[in-house]
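Hi,

Here is the structure I promised to pass on. Please open it first, then read my notes below it.

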Amino acid sequence: MGIMRIGHASLRVMDMAAALKHYEKVLGMKKTMEDKHGNVYLKCWDEWDKFSVILTPSDQAGLNHVAYKVEKDSDLDELKKKVEAYGIKTAMLEEGTLPSMGRMLQFNLPSGHEMRLYAMKEYVGTEVGIDNPDPWPDNITGAGAHWLDHCLLMCELNPETGINKVAENTKFMTDVLDFFLTEQVVVGPNGAIQAATWMARTTTPHDIAFVGGPRMGLHHIAFFLDSWNDILKSADVMAKTKTRIDVAPTRHGITRGETIYFFDPSGNRNETFAGLGYLAQRDRPVTTWDESHLGSGIFYHTGDLVPSFTEVYT
Amino acid sequence: MFLDTRPKVPVHVTQTDETFPCAHDESLLQGMLRLGRKGIPVGCVNGGCGVCKVHILEGQTHPLGPVSRAHVSAEEETQGFTLACRVAPVTAIRLEVTGKFEKPFRKGFAATANA
Ligand code: FES
């Protein structure tokens, strides 16, 4: 079946103590491991694999790589062939390259972002277990995020020079990794330029998204919450912890997601995201947003583009 | 207005010729934000995105946290470049904004879209 879902994101942080406090106290993740290089691994309470976020010490912010989990180990060999046949170089990183993980297929998306695919990560179980579980554990802290949900990558887009890494990534993800398009933003004459796309492998409106900008980077990683009320509570947690909120609770037109955006202590943007939105399916017609409705697509209530939201990333 | 009795020093932004008072225990950017003023672009307020990059022309600051080396090199830092969200004022400050918002989808298309 190939790719199942997002597996983890590896982020650069400039102050490890502050970063760890943020992901534990604000998101409610738990540290599960630290390696000899000082990288810290964390998971959410409802995740069963060992980690979904890796924090690596650095002198700058940003994304090192994003990893997706495939169903079977043999998927890695098949996908390696397909990715290379498409003209993209790959490397198979051997088991143990990252602790508690099997081998990883490593390559760069057309946009330059490093992606890794893997089939094995150590199983540790959710906080509620599998035998007659309660719906939630008693030791939830902060927002109590359920799981890492998706990421949004900024991709180089320059209509004057004809560079459009959003479109290139979208084609690659469709043709090679078998993602399907759920929503897109088109701009320019006759909407000829695909400026942003939302793509899925699961039944949620996006497992990854690409938005055009002047340079590649990370716009945000998002964590799943149940409901609108949980979004409000997570905003309260951010106020209590003096976390910098980028966009107060609102709804996206695109994906229908209920959302709040904020920054980790190194300036990497996080999102807590609630609601199913809709059932994403391969035969569901693609939703298209045009230039004049972009504001509502992003922030449905006001329809205003917030400069710090659309123009700031790491 | 609400009373804020903390001692403050003036921060002057040369481009907009605006001055706002900033306390010694808050960043230049927080001081501006607290008053709802504008002039320095605001992003992550955590030293990572680089939009609040400034050149300190006069006055002394003290660091509040790490600045991203992707946006301010060690050499630039010795020349007075820094991120407004990562330094607090020690004395009165005169600064120049050097960071700017990069424009994703909107601006690049204005020409093509309206042609
Ligand atoms: S606002 Fe992002 S570095 Fe200062």
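Here is what turned up, starting with one chain and ending with the interface.

Keep in mind that this is a predicted model.

Chain A first. Its secondary structure consists of six helices and 18 strands. Along the principal axes, the C-alpha atoms of chain A fill a box of roughly 55 × 45 × 45 Å.

Now look inside chain A. Of its 314 residues, 57% are buried. Next, take the contacts in chain A between residues at least 6 apart in sequence. Of these, 66% join residues at least 24 apart.

On to the interface. How many residues of each chain are in contact? Chain B brings 27 residues, and they touch 37 residues of chain A. Together the two chains bury about 2400 Å². Carbon and sulfur atoms account for 66% of that area.

Which polar links cross between the chains? The rule finds three residue pairs in polar contact across the interface of chain B and chain A, with both residues at pLDDT 80 or more. The salt bridge count between chain B and chain A is zero.

Last, the side of chain B that touches chain A. Helix 3 of chain B (residues 106–114) gives the largest share of that side, with five residues. By type, the residues of that side are 14 nonpolar, eight polar and five charged.

Best wishes

Key: Residues numbered from 1 in each chain as written. Chains lettered and ligands numbered in written order. Predicted model: local features only at pLDDT ≥ 70, side-chain atom pairs only at ≥ 80, totals over all residues. Heavy atoms only, no water. Contact = heavy atoms within 4.5 Å. Buried area = accessible area lost by both parts, 1.4 Å probe. Salt bridge = Lys/Arg side-chain N within 4 Å of Asp/Glu carboxyl O. Polar contact = N/O pair within 3.5 Å; in protein donor to acceptor, adjacent residues only side chain to side chain. Helix = DSSP H or I, 4+ residues; strand = E, 2+ residues; numbered from the N terminus. Nonpolar A, V, L, I, M, F, W, Y, C, P; charged D, E, K, R; others polar. Buried < 20%, exposed > 50% of the residue type's maximum accessible area, 1.4 Å probe, protein only.
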